[in-house]
Each structure stands twice: as C-alpha cells, then as structure tokens.
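Subject: Handover of a structural model

Dear colleague,

Please find below the structure that I am handing over to you, together with its sequence. My notes on what was found in it follow.

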Amino acid sequence: PAAGDAARLLALPDGLEALLTGGDADRRRALHGHARALGWLRAWLQAAAEAGDFGDVACFMGAADAERCVPPLATAQSDGPVARALRELIVVRLLRPDRVLAAAARLGAAAFGGAALAAEATLRSVAEAESDAATPIALCSVVGHDAADRVEVLAGARALRSVAMGSVEGFALADAAIAAAAAQGTWVVLRNVHLAPAWLAQLEKRLQTLRAHADFRLFLAMEINAAVPLSLLRRARTLVFEPPPGVRASLLDSLGSVSRRADGPAERARLRFLLAWLHAVVIERLRYAPLGWTTRYEFGDADFACALATVDAWVDRVHVAGRANIDPARIPWAAIRTLLSDSVYGGRVDSDSDHCVLRSFVSRLFCADAYGSEFCLVEEPRLLAPEGTSAEDFVEWCRALPESEPPAWLGLPPNAETLLLVHKGERLVADTRKLRALIDDDEDEDAGEEMGAADEALAAADRAEVPAFMRQVEALAAGFDAALAPLHGPRALLAGVAEDGVATPLFRVMQRENVVAFALLSRVRADLAQLRGCCRGELKQTNHVRELLADFAAGVVPKSWLKTYAVPRAYSLSRWMADFGDRVAEGQLLAGRIAACHSVVDVVRERSVWIGGLFYPEAFVTATRQAVAKRVGCSLEELVLRLGVGEGGAEAFAVCGLRVEGAVWTGAALELNDGRCETLPDCAIEWVRGVESDGLVTVPVYLNTDRSVLLFEASLPFVDADASSVVQRGVAIVAA
C-alpha cells in the first residue's frame, strides 16, 4: 500500500475504535497489519470511515452467528463464493475470533460442497465396504478414550483377536495374530499401537508383501500421537474418535460401567454418583485447558475405575454385614478425599494450582453433608443432588439433564465457552500454518529429487524469474528488517558492581538480558538478510534458507528463533516479530538507564519493568529476592513475596504489563467477572517477612496465556468471593 494509506491506518476509524473498546492491543495490531496487506479490507474500512456508518459492523459484532452477518461491503467485490467465504473468515477472525470455527466451516462448504463435509463415515461402512485386506484401519482417539471396544461390538460373531501393544511379548503376539488372521480371514485389533512406533514401521513393510484372505481386517487403536509413522497413516483408513462432550454423557457413561446389583449398603449408590460427578467435572474441564486445567492431563476411564475400587474398599471396611445402611458420618471421608486428590486423580497433576482446583472439588463433594436433602452440586445456578437409594434412581436423574451444561457446573466463568471457541480458532489457524509449512517442505523435497546436476545451470538462468510467493516473502522480510532497524547493539552496563568488585545478582540478570537480546537480534537480522538475498536471486538456497522460506510463506515462527524464550503456541510470525521488537526496545531503554546510573537496584525500583517482556523473568524475580535478603541480612526462605497492585513500598520493585484473567481490579481488591482479561495498574514486587494472608486468596502468576510457565504466586484480596470459587474459575495473572 501507499505510504499515505499506511499512515492513515495507524489510527483506526473512531466508529470502529468505539466497538473495540475493551479489546486487547493484539487485535488492533492484527487489524492494522491485515489492512495494510489487503487492499479490499483497507478499502472497506476507509469507505465505512468516510460514510461514518458502522451500524452493520455493530450488528455483526453483537450477533450470535456473526459468520452469517459479515458486513456486505467487506465482501462486495469478491470473485465467487469461495473468495467471499474467505473474506468473511478473515473479517470474523479479526473482529469476532470466537466464531472462527463456524466461519471456517462455511469456507469448507463453499470450497468442497456442503454434502462432502456433511458425509460421516461409520466404522461399519469403512470395515465392510470401504477397505480391503491390505489396508489397515487406524482408530485414533483423544487421550483417555479407547476406541478398540467399538471393534469388539462391531465384530459380533466374527472371530476377533485383541492384542495389547507396548511390550516385547505384545510384538510377538501381534505378529502371530496377524499371520493367523490373514490366512483364516478373521479380524485383529491391536491396542495402544502408539506405544510401539518402531514396530509400526516394520508392520508397514510387512503389509506391502502380505497375501491375506479377502475378509481379513487389521484395526490399529491408538491415541493421537506424533510418534506414529505418517506413511502408515497415509496408507490406512483413518477414523478419529472423541468421547461425547458434556457432563450428562460422562455421567451416563460412568454409571453405565458400574455394576447395578445391590451390594449394600444403600449409601454406596450415592457415593458412586458423587464419584461419577467428580469424574465428569474433571474430564470436561480438560476441554477448557488451559483455563480448566493448565495442562491436558491424561484423565480417563481407568482413573474412574481405580477411584471406584478405592471408594468401595473403604465403604466395605466400615459396613457391617447384614445391615442395609450405614451412618454417613462413619464413612472415612478424610481417607477418601486424600486418596482421590493426591493419588488417583492427583497423581497425574503436576501443578500446584491444578492441585488446588482438584482438592476444592473433592472437599466439597465428599463429606457427610452430601447425604443431606439440600446438598448442592452447584451453588450458582443452584443444582441440587438427586434423591435416591439405587443406581437406577441416579441414572434416571442423569438422563433428564440437558445435553450441554453451563460452564458454572464445572466451576468456570460464564464466558468460558466463548474463550474456548477463541482458543480453538487460534489453534486452527496455527495448525493451518504448520500444515502449509509441511506441504511446502514436501514440495521442496520432491523438487530437489527431480532436479539433477544437469538442471543446475538452467535453474541459475531462471533465478531472475522469481516466483510470486518469493516476492511476497522478500517484501515481508524487508518489512521486518525495517521494523528492527532502529534497534541498536548492546550497551555497556556500568552500574551494579559492589565494593568488593563482585557483580550483584540484579546486575548479572540485566547484563544477561542485554547480551541475549543482542545475540538474538543479530541472528534474526542475519536470517532476514539471507532470506532477502535468496529471494532476489543473489544467494544460493541452503537447507536453513529453505526452512526459512517455508516458515515465512506459512507465517510460522522459525524454530531457531523460538529457542531463546517462551511465547504462546498460537503466535504467528508477524505477532512474534512485533513482540520481539517491543522486548528489545524495552530492554535497550532499561539498559540505557542502568548505564547512566550508579545502582541497578535504584533503576528497577524507580521505573516499572515490563516483567513479561524479559527473556528470563524468573531470574529477575529471584534476583530481587536475593537483593532484599542481602540488604536485611536474612535467608531467602524467610522472605515471602507480596504483590502490591497500584501501590508499593519504598523497597518494592515496580513491574508493569500484568493482566488478570477472570477478575477485575476495583481499586482495593479483585472482583470476579465473566472471565474476561483485564489490565492491572502498575504493580510492585515486595519481599517481606511474615506476610499476613488472612482474607487473601492465592493467585498464580504465569508468564503468558498458555499457563505453562509459573513465575510466582501472589496473595490478593477479593470482593465477595471465597478461595474455592476463585480457584475453580481459574483466575490467574499473566505477565505477557
């Protein structure tokens, strides 16, 4: 675009800015970038600004099915239905990211036809009509879900051999079963084949030469795992299975696996229902990771079976033979709670915050009060536990539940479903970029194999004819290079040396930030220069440059750039570059202040540090603790971190850029909201002895929205909220 157009778009139209109130800076930055790159989007925004009418945009922003209400002017000049659907998807992604999946489905329907996407393959049709003896059937499932049982149901009276993989004995049994079934025309199902990737490579070669009976079928049940050979998946008919979503489906599945016989006491049925409810909540919160759980733990049916055996064992210890009932107070609740939260389910959890979530649910459900007539499974909206003494009573109550539950049943904020859709949309875009990069890599490999030595001269002669995608990559690299041009090399830090000549911890941290920033900046600039030279035909392609070309063409951040510091998994190339530029600029400003001062401690106390913009924020937090411990003359263990929001003492270290998810700062305390992310005022890290924590709730502080890196924990006041509600809602602070 012309320089004048780009300058005018530095500020969005006022009408659009008003609609984006409360949106984050990343959305505005993405809108700016797309408007600069896409002429039709730029023309639409300019036309709307000149007309001063954003009514259709307001309707689009507030519509439940926004993908069907995209402003007509945005797609008016589209060439055909596919181009129109693509433009709609771009607008939806920029302004309504929660509807990306629905807009992508409309694009797929426009490109391939609605009937093609609506067609759904069944295991029976694939096994009996759409595959042959030489084509294995891959049954891929999410973690914790086993699709092999479906084969046993489908087989019926057919001879079926089932083999569990994962051991040397399993390999021998599988080889024997395949040989016998291939000769007899029977079926074989191999379970957990993702645990044997090396054996799968041998299986693929064996299938190419296997002479099997026409009725022979080989089923490979596996979890979705990158270790499975791609060539085998391409050869196989692949079906993906997921457990039905929702608390109702999980409850019915769990209770359906429990024996219906009355084995007393009567209180056992209710205890099993409580366990099924806990299991449903634990499983369903996985869908909302990292909000529900910070990690997608491998919870599954085996955990429920183990928990059921544990609960039954403890009930049997207190049950007197011949009696139909027991006093709920005599049930060993403490033992059950400890085993469930620390061993059965808690054994898979490796995060303190997730342990707190699990313990809050277990403590609420497994107590003597659970047998009261007014016991609530959910406080708001109020959901009473069912009455009944038999398994059938609880199953009937579960059948009456709605198929989709409100997030509050899982302890999550009201807009958790919207946040989930936004996260899925980001993952879809990120996965599409990766797929594009993989396709480009395959094409490069194929081209390399076809090109011989005799073609080198011809290729050199044709370098002047640069492909269109390489011109786009060169323009993108030139833009990045220009954006990084104002950034300079490292500055000599003159402050922070103690009287004994030993650098202080804070000085070493800042020096390391300075050196690492310059090293990565130099690497990025060198890669951009190589990339531009290759695109202009001045340099010969190397393997490294080919990887850069594929990554830039797909909008993926090169792996060599990601090794230095952690960023959210969904970051695109342009988003990473903007973030990297901000980090280096902030670091250089801080380095300049340190170079002109005699005390690095004074600098980081007087000026707020963007803690999320540091390459090693954990080291900064530790260094502040060491500085305070040395000044007051105590051990590190005696000091406790206190986070002051909007305030701080004279000895505090000011930090900025923190945001809170699931709450809002009211001026004196945090208050739960609908799950949105709100910016906190400048905060202060203060290390003190013996902080009073009465009335405060511990909130984790993570590096970024992925919640994979915990920086520290802070105790903060909340308005009208207990610790359990805060923990279950997943309230957290993020630094970047």
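Leaving aside its neighbours within four places in sequence, with which residues is Glu88 in contact? The contacts of Glu88, with those neighbours left out, are Glu67, Val70, Thr75 and Arg106, where contact means heavy atoms within 4.5 Å.

Before the remaining findings, a word on conventions. This is a predicted model, in which local features need pLDDT of at least 70 and side-chain atom pairs count only at pLDDT 80 or more, while totals for chains, interfaces and linings use all residues. Residues are numbered from 1 along each chain as its sequence is written, and side-chain values use heavy atoms, with hydrogens and water left out.

Helix 6

Glu88 belongs to helix 6 (residues 80–95); helices (H or I, at least four residues) and strands (E, at least two) are DSSP runs, numbered from the N terminus. Glu88 counts as buried because its relative accessibility is 14%; buried means under 20% relative accessible area, exposed over 50%, and partly exposed in between, with a 1.4 Å probe and protein chains only. Ala83 also lies in helix 6, but it counts as partly exposed, at 27% relative accessibility. The C-alpha atom of Ala83 is separated by 8.7 Å from that of Leu107, although the two residues are 24 residues apart along the chain.

Strands 2 and 3

Strand 3 is largely enclosed by the rest of the structure, because 5 of its 5 residues are buried. Both of its faces are covered: Trp187, Val189 and Arg191 are buried on one side, and Val188 and Leu190 on the other. Strand 3 runs parallel to strand 2 (residues 160–164), and 5 bridges join the two; strands are taken to pair if DSSP finds at least two bridges between them. Within this pairing, Ser162 stands opposite Val189 of strand 3.

Asn192 lies in the loop between strand 3 (187–191) and helix 12 (197–209). Its phi is positive, at about 55°, although Asn192 is not a glycine. At 32% relative accessibility, Asn192 counts as partly exposed.

A further pair of residues involves Ser231, which is found in helix 13 (residues 230–235). Ser231 counts as partly exposed, at 33% relative accessibility. Ser231 and Ala201 are 30 residues apart in sequence, and their C-alpha atoms are 8.7 Å apart in space.

Helix 15 (residues 267–285) packs against helix 19 (residues 391–399) at an angle of about 35°, with the axes 9 Å apart. Axes are lines fitted to C-alpha atoms, for helices over the stretch in contact, and angles run from 0 to 180 degrees between N-to-C directions. Helix 15 contributes Ala269, Arg270, Phe273 and Trp277 to the contact, and helix 19 contributes Ala391, Phe394, Trp397 and Cys398.

Helix 23 (residues 505–535) has 31 residues, and its span from first C-alpha to last is 45 Å, close to the 45 Å expected at 1.5 Å a residue; the expected span is 1.5 Å times one less than the number of residues. Gly537, whose phi is positive and near 80°, follows helix 23.

Cis peptide bonds

Two proline positions deserve a note. The peptide bond from Ala289 to Pro290 is cis, with omega near 10°, and Pro290 lies in the loop between helix 15 and helix 16 (301–318). The peptide bond from Glu380 to Pro381 is cis as well, with omega near 0°. Pro381 is found in the loop between strand 6 (376–378) and strand 7 (383–384).

An open sheet of 5 strands has the order 12-11-16-14-15, with mixed pairing. Its edge strands, each pairing on one side only, are strand 12 (670–679) and strand 15 (710–717). On average, neighbouring strands of this sheet are turned by 45° against each other, direction ignored. Strand 14 (residues 696–702) and strand 16 (residues 732–734) run parallel and are joined by 2 bridges. The bridge partner of Val701 in strand 16 is Ile733.

Asp720 is found in the loop between strand 15 and helix 29 (723–728). Asp720 has a positive phi, near 50°, in a residue other than glycine, and it is exposed, with a relative accessible area of 80%.

Yours sincerely
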